[in-house]
Structures are given as structure tokens and as C-alpha cells.
Amino acid sequence: MSRETSGGEAPLLFSEGNAAARIALEREVRGWSTTELAARMTRVGVPMNQTAVWRIENGTPRRKITLDEALGFARVFELPLEELMSPPLEGVDIEGRRIVQEAVEAFYETREAQDRLHRAVIATADYIAAHPNSSKGIHEQCLRLMGEERDARALTEHIEMGGYY
């Protein structure tokens with residue numbers, strides 16, 4: 001099977017056009033203006049203005065993207081460079097991308113919170129092990145801070161088990 005197109009050119013799987021389309025899509029998914037994206041690029045060390053972003057997304061001819069800029073866009077959007085260079089997914093509109101983006105962000109925030117809770121539970125369990133008479137006081141402190149006996153009991157159980165996971 002030939003990789004040539006009807007015009008005799010090899011198809012580009014990771015073209016600059018794909019990157020430009022992805023930049024526009026990722027910016028829109030996040031609800032950022034071209035000015036906001038340019039400011040974010042500048043903050044990650046790749047100075048850029050709103051006009052440059054617009055010309056990358058819409059210019060005729062399209063503004064070329066330097067390697068430093070491509071790496072900056074990947075960092076700003078928190079995407080691997082290969083993903084940024086890939087064509088947008090078919091069948092998923094901006095609203096679908098926004099919903100998935102929100103779910104992914106919530107997933108990572110939840111995972112980070114669970115890891116933080118696990119570390120705090122382990123530290124509390126270690127404290128109780130070093131101070132055996134503190135167990136009842138720890139439960140009472142949990143109750144004071146949480147206000148709900150059921151929640152305080154659940155946290156205390158995790159502490160007694162030595163971890164959240």
C-alpha cells in the first residue's frame with residue numbers, strides 16, 4: 001500500500017496544520033481567548049502575542065510554529081507534544097471535549113486529594129503509635145473538626161487501619 005496521496009505527496013500524520021487546529025481546539029475547550037493563550041505562553045517562557053496565536057490558528061498563509069513554541073503549547077495545554085501534533089478527534093465537539101477535560105481535571109484533583117489524605121492518615125497513625133495514650137484524643141479532635149460523628153468515625157477507622165487505601 002502506497003503512502004502517497006493522489007497529488008504524489010506523502011500524507012502528514014503530524015502536520016503543522018494539525019497542530020494549529022489542535023491549538024485552536026484546546027484553547028476553545030478551555031474557554032481561553034487568544035490573548036489569554038498568548039499570556040500563558042509568555043508565562044511558560046515562550047513570549048507570544050495575541051496576533052501570533054490568531055495567525056497560527058487562522059492566518060493565510062498560516063504562521064509557522066517553532067519547536068520552542070510547540071513545546072510551549074504542549075506545556076500550557078498539559079499535553080504530550082505528539083498529542084498536540086495529532087489531528088483533533090472526530091465525532092467529539094467542543095462541548096464533549098470540555099466535559100472530558102473537566103472529568104480529567106476532577107480525576108487528578110481527586111487522586112491528589114486521596115494521596116494527601118493517605119499521607120495524613122499514615123502520619124496520624126504513626127503519631128498514635130509513638131503516643132499510645134493519644135488515640136481517644138485524636139478521635140475527639142477529629143469529631144471537633146469534622147462535626148459529624150459518622151465522618152469522624154470513618155476517618156478514625158482509616159487511621160486505625162494505618163492508611164486510606
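Visitor: Which residue forms a salt bridge with Arg 43?

Guide: In this predicted model, local features need pLDDT of at least 70 and side-chain atom pairs count only at pLDDT 80 or more, while totals for chains, interfaces and linings use all residues. Residues are numbered from 1 along each chain as its sequence is written, and side-chain values use heavy atoms, with hydrogens and water left out. A salt bridge places a side-chain nitrogen of Lys or Arg within 4 Å of a carboxyl oxygen of Asp or Glu. With closest N and O atoms 3.7 Å apart, the partner of Arg 43 is Glu 36.

Visitor: Is Glu 69, which forms a salt bridge with Arg 63, buried or exposed?

Guide: The closest N and O atoms of Glu 69 and Arg 63 are 2.7 Å apart. Buried means under 20% relative accessible area, exposed over 50%, and partly exposed in between (1.4 Å probe, protein chains only). Because its relative accessibility is 6%, Glu 69 counts as buried.

Visitor: Which residues does Glu 26 touch, not counting residues up to four places away in sequence?

Guide: Glu 26 lies in helix H1, residues 16–29; helices are DSSP runs (H or I, at least four residues), numbered from the N terminus. Glu 26 has 0% relative accessibility and therefore counts as buried. Taking contact as heavy atoms within 4.5 Å, and leaving out those sequence neighbours, Glu 26 touches Phe 77, Leu 79 and Arg 97.

Visitor: In which helix do Lys 136 and Glu 140 both lie?

Guide: Lys 136 and Glu 140 form a salt bridge, with closest N and O atoms 4.0 Å apart. Four residues, about one turn, separate the two within helix H7.
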